[in-house]
Amino acid sequence: MLHNEFEREAMAGIYEPSHHKKQHFGFVKSVPFVSSDRDVNKSNFCGRHDAWRYFDKQILCFYGYFTEPIYESQEETYRVRKCKIYYYLEDDTMQVVEPPVSNSCMTQGTLIRRHHFAKSSPNENQYYTLHDLNVGEEVNIYGKDFKIVDCDKFTRSFLTNIGRHVQNPEIIPEDPYTENRKKLKATMKPHRPYEKVDTLKQFLNHNRQVLRYYCLWDDRNSTSGNIHKMILHYYLEDDSIEILESISPNSGKDAHSCFLRRSKLPKHIESAPPGGNNKIVLNTFGDSEKNGWYMYDNQKVGSRNMESYRDSDLRIGVTINVWGRNFLLYDCDEFTKQYYHAKYGLAMKPLDMPQKDNILSLKNQHPSYNGFGSEEDSLGNCSSLLPKLPKKTFSLQIEQEGSGKETDVLRFSCCLVTTDPGDSDRTFILSYFLSDNTIQIYEPPVQNSGLAGGKFLERGKVKTPDSTSTFSQYYTVSDMYIGAVLNIVGLKFLLTDADEFALNYMEQHPEQFPKADITKVMQKLEQILNGKNSELYLSLKEVDADDTGYISFQHFRQQLLKVIGTKLTQHEILTIARRYRKQDEYNGIPSEFLVAFVQNELRKKDFSDFENLELLFKQYDAERTQRLSKKKVYITCRIFHLPVAMDVLLTLLDSSSGK
């Protein structure tokens with residue numbers, strides 16, 4: 001009857017047996033899939049055909065291990081191999097990867113490629129899913145038992161969110177091979193460097209930054225000891241210290257100033273260990289360091305505290321121990337002060353060091369001038385072993401001569417300050433040459449005076465009476481003014497007057513001649529008057545009887561001395577008078593009258609050197625324009641000493657400058 005029912009169902013088309021080979025690849029609603037003879041059991045997350053849209057590139061990572069037996073080896077019988085089990089949520093595939101281990105002598109990397117892992121018998125028709133994986137579980141994959149001991153942070157969070165309890169991580173057991181490798185690696189530490197320390201960041205942040213301290217080392221207790229000045233350099237890039245000795249010239253010490261080579265300076269070590277380094281030495285062999293050898297203590301048995309000095313240990317006033325020597329830090333440079341103020345908030349000030357009684361401060365003293373040659377030339381024998389010629393500065397002379405000012409000479413009339421009636425009437429002309437700061441004195445000859453006249457003092461530099469140092473002090477251009485008393489060759493000369501060029505030059509350069517500076521002179525006069533301005537005004541008003549608004553220089557000088565006394569020098573009084581003098585003294589006079597007046601003056605003085613005067617005019621007129629500047633004409637006239645008043649000559653030049 002059963003047979004008949006089967007036949008009826010077959011004939012009705014209810015059951016039709018099929019013997020063709022099934023297709024493994026296909027598409028379901030445009031989603032590719034792989035079919036198999038096995039009953040594919042999918043997790044709740046991958047049951048949907050579009051699971052990859054939600055779990056694409058999301059991978060769970062489990063840490064585990066499996067034990068592999070080792071045959072024909074005396075050192076080990078098994079080995080524990082660590083691995084990672086990856087679970088891909090998008091399609092329930094898995095992959096096993098073993099991280100590489102150095103010197104393991106095994107092929108590592110991907111142990112089982114990515115695919116669906118089939119379970120062992122009797123469930124060989126099923127695949128491993130997420131429900132089979134968790135910390136503490138043991139899975140059998142193709143005959144090997146994998147123990148899951150831990151997972152990553154993402155996996156632990158994912159399992160917790162779906163309601164799975166995740167146990168605490170377990171410890172992976174060690175095998176004999178791993179333990180032997182650790183022991184062997186511990187004995188293979190290199191001697192140099194003794195310890196590996198990563199200092200790259202410190203080097204990049206503080207490269208070329210050095211703290212500089214000035215310190216003292218008191219070594220007077222030793223034989224021939226003294227107080228040594230040292231310079232300590234602290235390199236911020238590697239915390240090393242270098243110490244240099246500050247050796248002064250002619251101190252009798254060697255020129256090599258390196259006291260301590262750059263290295264880290266320990267705090268609590270009295271002397272250096274054998275070998276000249278800071279490493280712990282177990283034992284030495286041989287008689288000397290050159291012929292013997294020594295062993296380092298790599299295990300640091302009996303190691304001592306080798307703490308080194310840092311920047312926080314250094315500051316002004318601190319005494320540091322430099323291999324048993326005490327160094328006192330008493331000062332530092334500006335960069336070091338700014339560094340400590342910015343990092344530690346410290347404002348460091350240098351210490352007041354007392355004068356050391358055993359250090360004799362020697363000064364380079366030169367012998368007095370012996371009278372041979374110039375003082376600069378004789379001093380060259382003391383400054384160097386091979387005498388050199390004194391260097392002269394020609395900049396001022398070149399500047400004067402290059403600009404056509406070779407005759408820039410300040411001329412003053414002077415007399416002797418003496419009680420001898422025979423010398424009291426003598427007059428002199430003092431010439432100060434601006435090009436080289438030299439002085440020349442000329443005495444005009446006077447008939448029937450009993451004196452020959454002529455050149456009184458040869459041109460040269462003149463020392464001041466208070467010149468007591470080795471380098472003599474000479475009269476400068478600032479010492480030249482009316483009323484000054486110059487002590488020259490034992491005689492006192494009083495400057496009584498100056499020519500127009502000298503007065504104009506001094507007024508044009510007030511920074512060199514303060515007594516010709518009208519601003520400073522008026523400020524000084526105002527301080528002297530102290531409210532007596534009206535008294536001076538009334539005194540000057542009385543002299544001007546005709547009420548013209550002008551008085552003579554003699555009356556102005558007398559009334560000013562009457563009110564303020566001798567608190568102003570003659571040159572300062574002359575500066576005020578020249579500032580407020582009548583400018584139109586010769587204005588309105590025809591130029592023909594001025595020319596006739598000058599010719600009459602030349603005729604009276606028997607001046608006849610017109611040919612040389614005209615020749616010099618032609619030399620200045622190199623372009624043959626028949627015209628010269630007022631300045632060149634004035635300089636040429638001064639060269640030939642024209643016997644004409646300077647104010648008359650300047651007025652004539654002003655009147656003819658437009659013609």
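In this predicted model, Leu-211 has Tyr-234 of strand E10 as its bridge partner. Strands E9 (residues 210–218) and E10 (residues 227–235) pair in the antiparallel sense, over 9 bridges. Both strands belong to an open sheet of 6 strands with antiparallel pairing.

**Sheet and helix**

- The strand order in the sheet is E12-E11-E10-E9-E16-E15.
- Strand E12 (258–263) and strand E15 (319–322) are the edge strands, each pairing on one side only.
- Neighbouring strands of the sheet are turned against each other by 30° on average, direction ignored.
- Helix H6 (residues 334–343) packs on the sheet and touches E9 and strand E16 (325–332).
- The direction of helix H6 makes about 110° with that of E9.

**Aromatic pairs**

- The structure holds 14 aromatic pairs.
- One of these is the edge-to-face pair of Phe-117 and Tyr-142, with 6.2 Å centre to centre and 65° between the planes.
- Phe-117 lies in the loop between strand E6 (109–115) and strand E7 (138–141), and Tyr-142 in the loop between E7 and strand E8 (144–151), so the pair ties together parts that are 25 residues apart in sequence.
- Phe-117 is buried, with a relative accessible area of 0%.
- Tyr-213, Tyr-339, Tyr-340 and Tyr-344 are linked into a cluster by ring pairs.

**Charges over rings**

- Arg-114 places its charged end over the ring of Tyr-88, 3.7 Å from the ring centre.
- The charged end of Arg-459 sits over the ring of Phe-433, at 3.7 Å from the centre of that ring.

Definitions and conventions:
Residues numbered from 1 in each chain as written. Predicted model: local features only at pLDDT ≥ 70, side-chain atom pairs only at ≥ 80, totals over all residues. Heavy atoms only, no water. Pairing = 2+ DSSP bridges. Helix = DSSP H or I, 4+ residues; strand = E, 2+ residues; numbered from the N terminus. Axes fitted to C-alpha atoms, helices over the stretch in contact; angles between N-to-C directions. Contact = heavy atoms within 4.5 Å. Phe/Tyr/Trp six-rings, centres within 6.5 Å; stacked < 30°, edge-to-face > 60°. Buried < 20%, exposed > 50% of the residue type's maximum accessible area, 1.4 Å probe, protein only. Lys NZ or Arg CZ within 6 Å of the ring centre and 35° of its normal.
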